[in-house]
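Biologist: I've just opened this one on my screen. Walk me through it in plain words, please.

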Amino acid sequence: MSTAAAPVRTLRTGTVLADLLPASRVRDVALVVGGAVLTGLAAQLTVPVPGSPVPVSGQTFAALLVGTALGARRGFLSLALYAVVGMAGVPWFAQGSSGYAMPSFGYILGMLLAATVVGALARRGADRSVLRTAGTMVLGSAIIYAVGVPYLALATGMSLGQAVAAGLTPFLIGDALKAALAMGALPAAWKLVGRKG
C-alpha cells in the first residue's frame, strides 16, 4: 500500500495570484477597480490615534495586499485609481475623507509606490513563504512611511522628530499585526492553488 502524497503543482516564478485567473482585459480592469474599492473599504476601518492627525486604518494593509496579489503594474494602477478618485471627492480615504489637502495624503502616495514595489517582488516569489512575505511587508510599510512621514511634517509644520512620533511610532504594533496576517494568508493561498492544480 502506497502512502505517497498527491503531486503538488509547481507554480513558476513570475506569476502573481491574479495571474491564475483566465487572462483578459476585462479581468485586468476588474482587478484594478476591485483593488481600488477594497482599499477604499479597508480605509473605513479606522481607529483614531491620540495626538496624531493620522488614524490607524486598514488601507495600508489593503494596499500592500493589492500590490502583492495583482503585481506591480495592476497594483500601481489600482492604487492610482484609488488616489485619483479620492482626490476627485469620493470620501473613501481614511475616516471618509477625500481630497489632497490633508496631512495624511503622503501615506496614500507612499501606498502607490509600495504597491508597485511589493508587486514587483511578488513576481519574483516574495509572497510564497512566511519569511519572504514578512520581508516584503516590512519593505512596503517602510516605503509608505518614507513618503508619508516627511509629507506629514511639511503639511503640519512639525519637525521630522515630531512627525515620526505622531505618524510612525504609534503604528508599528498595528503594522506588525498586519504583516503577520499577510505572512499567513499569502503563502497559504499559494499552497492552496498549488495543491488544486
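Biologist: Which residue just after H2 takes a positive phi?

Modeller: Gly71, with a phi of about 95 degrees. When I say helix, I mean a DSSP run (H or I, at least four residues; strands are E, at least two), numbered from the N terminus.

Biologist: And where do these coordinates and numbers come from?

Modeller: This is a predicted model, so local features need pLDDT of at least 70 and side-chain atom pairs count only at pLDDT 80 or more, while totals for chains, interfaces and linings use all residues. Residues are numbered from 1 along each chain as its sequence is written, and side-chain values use heavy atoms, with hydrogens and water left out.

Biologist: OK, back to H2. How many residues has it got, and how far does it reach?

Modeller: H2 runs over residues 59–70, which is twelve residues. From its first C-alpha to its last it reaches 16 Å, close to the 16 Å expected at 1.5 Å a residue. That expected span is 1.5 Å times one less than the number of residues.

Biologist: Is H2 mostly covered or mostly open?

Modeller: Mostly covered: ten of the twelve residues of H2 are buried. Buried means under 20% relative accessible area, exposed is over 50%, and partly exposed is in between (1.4 Å probe, protein chains only). The buried residues of H2 include Gln59, Ala63, Val66 and Leu70.

Biologist: How do H1 and H2 pack?

Modeller: H1 (residues 25–42) and H2 pack at an angle of about 160 degrees, with axes 7 Å apart. That makes H1 roughly antiparallel to H2. The axes are lines fitted to C-alpha atoms, for helices over the stretch in contact, and the angles run from 0 to 180 degrees between N-to-C directions. Under 35 degrees counts as roughly parallel, over 145 as roughly antiparallel, 65 to 115 as roughly perpendicular and the rest as oblique.

Biologist: Which residues make that contact?

Modeller: On the H1 side, Leu31, Gly35, Leu38, Thr39 and Ala42; on the H2 side, Gln59, Ala62, Ala63, Val66 and Leu70. Contact here means heavy atoms within 4.5 Å. By class there are seven nonpolar, three polar and no charged residues. Ala, Val, Leu, Ile, Met, Phe, Trp, Tyr, Cys and Pro count as nonpolar, Asp, Glu, Lys and Arg as charged, and the others, Gly among them, as polar.

Biologist: Switching topic: what's the angle between H5 and H6?

Modeller: About 120 degrees, with the axes of H5 (residues 130–156) and H6 (residues 160–167) 8 Å apart. That makes H5 oblique to H6. From H5 come Tyr145, Val149, Pro150, Leu152 and Ala153, and from H6 come Leu160, Ala163, Val164 and Gly167. Those contact residues divide into eight nonpolar, one polar and no charged.

Biologist: I've got my eye on Gly140. Where is that, and why does it count as buried?

Modeller: Gly140 is in helix H5. Gly140 counts as buried because its relative accessibility is 0%. Setting aside neighbours within four places in sequence, Gly140 is in contact with Leu64, Ala114 and Val118.

Biologist: And Ala155, buried or partly exposed?

Modeller: Partly exposed, with a relative accessible area of 45%. Ala155 is also in H5.

Biologist: What about Tyr82, which helix is that in?

Modeller: H3. Tyr82 is buried, with a relative accessible area of 0%. Leaving aside neighbours within four places in sequence, its contacts include Thr39, Gln59, Trp92, Phe93 and Ile108. Its C-alpha is 29 Å from that of Leu131, 49 residues away in sequence.

Biologist: What covers the buried residues of H4?

Modeller: The cover includes H2, H3, H5 and H6. Among the buried residues of H4 are Phe105, Tyr107, Met111, Ala114 and Val118. Its 19 residues should span 27 Å at 1.5 Å a residue, and the end C-alpha atoms are 28 Å apart, which agrees.

Biologist: Last one: which residue has a positive phi although it is not a glycine?

Modeller: Gln95, at about 60 degrees. Gln95 sits in the loop between H3 (72–87) and H4 (105–123), and is partly exposed, with a relative accessible area of 48%.
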